[in-house]
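Please walk me through this protein model, beginning with a term that will be needed along the way. I would like an explanation in plain paragraphs.

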Amino acid sequence: MGMANVFISHRKVDVSAAQRLAEEVSAAGHRVWFDEWEIGLGDSVVERINAGLEGTSYLVLCYSAAGVTSPWISREWMSTLHRQLEGCGVRILPVRFGGAAPAILSDLRSADLSQDWDRGCEQLMKAIR
């Protein structure tokens, strides 16, 4: 199994679950971009996010009852969707911490971590190769 560049996109409310997920993906040997690790004090958030998205093969889009509609998260996956349409070979992998899938993602199968964390993680790891 090769190493993949994985970008973890999440809302601030979901930060603890997202960090747990980032640690597991990282422990599986992938390169993980997670904002809490990558954006330092005084950094340009936009620049750091764009740099992070640049070499990404997988965007793990975390959502919960809080939704996916914060300005940052929308920006991250909208720009990924755009790259996908341009044929950049990046995949969006929705991961659910709770709540229902946003309409725009409803046709993508998501890993449900709200019911069974380990099983959801397993599905996610299978998708990342």
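A residue counts as buried when its relative accessible area is under 20%, as exposed when that area is over 50%, and as partly exposed in between. The structure shown here is a predicted model.

Strands of a sheet pair through backbone hydrogen bonds, either parallel or antiparallel. In this model five strands form an open sheet in the order S2-S1-S3-S4-S5, and the pairing is parallel. The strands at the edges are S2 and S5, the latter made of residues 111–112, and each of these two pairs on one side only. S1 and S2 run parallel and are joined by four bridges. Within this pairing, Phe7 has Trp33 in S2 as its bridge partner. S4 and S5 also run parallel, with two bridges joining them. Arg96 stands opposite Asp112, a residue of S5.

Helix H1 lies across S1, S2, S3 and S4, and runs at about 165 degrees to S2. Strand S1 is mostly covered, since four of its five residues are buried.

In soluble globular proteins, nonpolar side chains tend to be buried together. The largest nonpolar core in this model has 23 residues, and Ile8 and Leu21 touch the most other members. Several elements supply at least two residues each to this core: strand S1 (5–9), helix H1 (15–27), strand S2 (31–34), strand S3 (58–63), strand S4 (91–96) and helix H5 (117–127). H5 gives the most, with five residues.

Which residues does Leu21 touch, if those up to four places away in sequence are not counted? They are Val60, Cys62, Val95, Phe97, Leu113, Trp117, Cys121 and Leu124. Apart from this core lies another one, of nine residues, which include Trp33, Ile49, Trp77 and Leu105.

Leu93 has a relative accessibility of 7%, so it counts as buried. Leaving out residues up to four places away in sequence, Leu93 touches Tyr58, Leu59, Val60, Leu61, Leu124, Ala127 and Ile128. The C-alpha atoms of Leu93 and Ile8 are separated by 9.7 Å, while the two residues are 85 residues apart along the chain.

Charged side chains are the next topic. Side chains of opposite charge can pair when their charged atoms come close. The model has six salt bridges. In one of them, Asp35 pairs with Lys12, and the closest N and O atoms are 3.2 Å apart. Asp35 belongs to helix H2 (residues 35–38) and Lys12 to the loop between S1 and H1, so this pair links distant parts of the chain, 23 residues apart. Are these two partners buried or exposed? Asp35 counts as buried because its relative accessibility is 14%, under the 20% limit. Lys12 is exposed because its relative accessible area is 56%, over the 50% limit.

Lys12 also forms a salt bridge with Glu36, where the closest N and O atoms are 3.4 Å apart. Glu36 lies in helix H2 and Lys12 in the loop between S1 and H1, so this pair ties together parts that are 24 residues apart in sequence. Glu36 has a relative accessible area of 41% and is therefore partly exposed.

Arg48 and Asp43 form a further salt bridge, with the closest N and O atoms 3.8 Å apart. Arg48 is partly exposed, with a relative accessible area of 28%. Asp43 has a relative accessibility of 35%, which falls between the 20% and 50% limits, so Asp43 also counts as partly exposed. Salt bridges that share partners join Lys12, Asp35 and Glu36 into one network.

Asp14 lies in the loop between S1 and H1.

Definitions and conventions:
Residues are numbered from 1 along each chain as its sequence is written. This is a predicted model: local features need pLDDT of at least 70, side-chain atom pairs count only at pLDDT 80 or more; totals for chains, interfaces and linings use all residues. Side-chain values use heavy atoms; hydrogens and water are left out. A nonpolar core is a set of buried Ala, Val, Leu, Ile, Met, Phe, Trp, Tyr and Cys residues joined through side-chain atoms within 4.5 Å. Buried means under 20% relative accessible area, exposed over 50%, partly exposed in between (1.4 Å probe, protein chains only). Contact means heavy atoms within 4.5 Å. A salt bridge is a side-chain nitrogen of Lys or Arg within 4 Å of a carboxyl oxygen of Asp or Glu. Two strands pair if DSSP finds at least two bridges between them. Axes are lines fitted to C-alpha atoms, for helices over the stretch in contact, and angles run from 0 to 180 degrees between N-to-C directions.
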